[in-house]
Amino acid sequence: MRKSLLSAVLISLFLPAFGQKNPSADLVQYVNPLIGTAKMGHTYPGATVPFGMVQLSPDTDTIPYAVNGKYNPDVYKYCAGYQYDDPTIVGFSHTHFSGTGHSDLGDFLIMPTTGKLQLNPGTEEKPESGYRSAFSHENEVAEPAYYQVKLDDHDILAELTASNRVGMHQYTFPEADSAHIILDLISGIYNYDEKNVWTFVRVENDTLITGYRQTNGWARTRTVYFAMSFNKPFYQYGSKKYDNAVYKGFWRKFDQEHNFPEIAGEKVRMYFDFKTAEREKIKIKFALSPVSTQGALANMQAEIPHWDFERVKKEGQALWNNELSKIVVDAGSHAEMVNFYTAMYHAFLGPTTYMDVDGSFRGIDMNIHKAEGFTNYTSFSLWDTYRTLHPFFNIVQPKRNADMIKSMLAHYDQSVHKMLPVWSHHANENWCMIGYHSVPVIADAVIKGNAGFDVNKALDACVATARTTYYDGLGYYMQLGYVPEDRNGSSVSKTLEYAYDDWCIAQMAKKLNRMDIYEEFSKRAANYKNVYDAASGYMRPKLNDGSWKKEFDPLDTHGQGFIEGNSWNYSLYVPHDPAEMISMMGGKTRFASHLDSLFTMELPDKYFANTEDISREGIIGNYVHGNEPSHHVAYLYNWTDQPWKTQDKVRMVLKAMYKPTVDGLGGNDDFGQMSAWYLFSSLGFYPVAPGSEQYAIGSPAVKSASIKLENGKTFHVVVKKQSDKNVYVQKMELNGKPLNRSYLTHPEIMSGGTITFYMGAKPNTEQVAIRAQ
């Protein structure tokens, strides 16, 4: 009860009076970065700017990835470094993923302390045994580009803000002769003993530190450079190495632990000592670079050449206001305003900038490249974000989305495999998840006319990726028309997702009049039919000899040929051809009834035993909203004769899975994908099949919205008789004329204008369903 009350208090602190005359003037007040920081959301509460390279945020524990050589499942909670229920803070590190279900990063952890110097972090049970500190949420504030917390054990007020490439710390100390700044170069997210490959640090003078760290984690060859500057000289400093290296060379002639200006090793912690007056502020600027320490210094000088903390905070929040004001809504209540703008905030956390101010960046070939005429981005969680986040960008962030695709094409050029990114971050391909989902991101941009890049080169890159026979069962898929489960796991999921990606290639080829490619990939796009078992009514794993795998359970997520889902949900994954899928499954009436049961059935506990990505919080019946493969499913009623059921289910999911509380997200936010679903669905339309110009109509949850487009036009959403009971669309008008279909098109949105929804408490059973194209 206390936490629920506290969440409500925190939300109220961040809200202006609802109904103010100019709500777009200070939209950051509607953002609560603490949403999703408890349980499965995996978001972080710290300071960052839109798409920023620095994510300066608190880490609340140091759970190792493995214990006794085996995976430690508790580490999963710490994908973002922070869990709301934890009572201590270990420190503040500069790189974090938002909402992911696997992790890395947590670079360069800083912790201010007083009293006896302690270089170990200690434990949650005994925080006094190390440098960590207890804290209270009553003394914690999280806003866009700003975070504040009181470190109780050290009586220090910690404040954080950031520019794109520089984090800024401000620590208000008590009077102390023994004040310390700890720089922990061992700490990291998803850490293990051998993760730190090498660390190098130089103490340039009594206010400037430079160096780098290389890690072997999710990204196996990741190097991050830094420059760290103090506003006040430290009077002494030191370091401690925790290496077990046999060879130490002739550096042993020095006392390297005390006031020695150069240190290198696998595991290093440093400290810098000050004498502080009461309420004295020690400030730190910490710049990152993917290229060099010189690059980090140049980034610092370009972005924060001063020591005005409030100015950096103000400029960061101005950047957020600018991005958030791309959509101005009346969501009807305080809670829904918080939900909407926090979702926008989460959607704009990534992908992240990955280059210095001069455009230099490290490529996946480990060479230094320069982005000419575009911003280079990284952290592409594509299995998640192709579905809704990148289509959202094609409306509200088209220039950035085009730059993201240019970044993908740069990856392709540097790739020894000649493949587009699968899941890439920080100059590494980590190969996480399945499919080749750069393809629908590129195709969606091309089809929708947002192609500020060489479209034929992009198509060639898509085709080359889709013909890489040694990638994840793709050779079998090309030979047999499906991936055989006895040759390659998660075979049904791969077959279905490859087929959709292939359809995207076909649509792009058709638009570019590359008809040979169109014919090849149109044929491949029908391969989903090869894993449909008409006898059971489900997609089912098939073996290399063409027979069905035995011991089949459509509700089980383990060992059934699916990844992060079961056959029941994945059997509905044919986003590029719902009409044919529905026909294959018995027709519109039977399919609608089948879909009804998805939302009402009871799923026994045993089906949660073998997955950490799906929990009770993220499901309704057997509908799994807490993971991505089902995100389009509620909209499939639009292809039956009962489209009003989409409206009912969408509003139900919005209420059940999105709440303005710390545990308000029903699953991992997955770099904004979960939030983008909320945004589209709240506005009343959704991209079921990126690579198509169509958006399926749902049920808008806002009272009104104005989408400010980069082309200078505005698309308005107006909702008449909006209420929690009036979830059914009675009729629609587009620019004052009746809209008698269950979809909008991208050109209709980008041309500006107004869609008006008239809502009611009972279904309009005369609505027209989407017809097969």
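This is a predicted model: local features need pLDDT of at least 70, side-chain atom pairs count only at pLDDT 80 or more; totals for chains, interfaces and linings use all residues.
Let me begin with F685. Beyond its neighbours within four places in sequence, F685 is in contact with I395, F680, Y695, A696, I697, G698, I707, F715, V717, L744 and I749.

Where does F685 belong? F685 is, with Y341, one of the residues with the most contacts inside the largest nonpolar core, a set of 159 residues. The element that gives the most to this core is helix 11, residues 491–511, which supplies eleven residues. There is also a second, separate core, of 54 residues, and I110, M111, L119 and L160 are among its members.

Nine strands make up an open sheet, with antiparallel pairing, and their order is 8-9-10-11-19-15-14-13-17. At the edges are strand 8, residues 140–143, and strand 17, residues 262–265, each of which pairs on one side only. From one strand to the next, the twist averages 15 degrees.

Strand 11, residues 166–173, and strand 19, residues 280–289, are joined in the antiparallel sense over eight bridges. As an example, H169 has I284 of strand 19 as its bridge partner.

Helix 3, residues 309–324, lies across strand 8, strand 9 (146–151), strand 10 (156–162), strand 11 and strand 19. Relative to strand 10, helix 3 runs at about 45 degrees.

Next, the aromatic residues. How many aromatic pairs does a search of the whole structure find? The search finds 54. One of them, F226 with F286, has ring centres 5.1 Å apart and planes at 15 degrees; because planes under 30 degrees apart count as stacked, this pair is stacked. F226 belongs to strand 15 and F286 to strand 19, so the pair ties together parts that are 60 residues apart in sequence.

Are these two residues buried or exposed? F226 counts as buried because its relative accessibility is 0%. F286 is likewise buried, at a relative accessible area of 0%.

Finally, two lysines are placed over rings. K275 lies over the face of Y235, 4.5 Å from the ring centre. In the other case, the charged end of K649 sits over the ring of F599, at 5.6 Å from its centre.

Notes
Residues are numbered from 1 along each chain as its sequence is written. Side-chain values use heavy atoms; hydrogens and water are left out. A nonpolar core is a set of buried Ala, Val, Leu, Ile, Met, Phe, Trp, Tyr and Cys residues joined through side-chain atoms within 4.5 Å. Buried means under 20% relative accessible area, exposed over 50%, partly exposed in between (1.4 Å probe, protein chains only). Helices (H or I, at least four residues) and strands (E, at least two) are DSSP runs, numbered from the N terminus. Contact means heavy atoms within 4.5 Å. Two strands pair if DSSP finds at least two bridges between them. Axes are lines fitted to C-alpha atoms, for helices over the stretch in contact, and angles run from 0 to 180 degrees between N-to-C directions. Rings of Phe, Tyr and Trp (its six-membered ring) pair if their centres lie within 6.5 Å; planes under 30 degrees apart count as stacked, over 60 as edge-to-face and the rest as tilted. A charge sits over a ring if NZ of Lys or CZ of Arg is within 6 Å of the ring centre and within 35 degrees of the ring normal.
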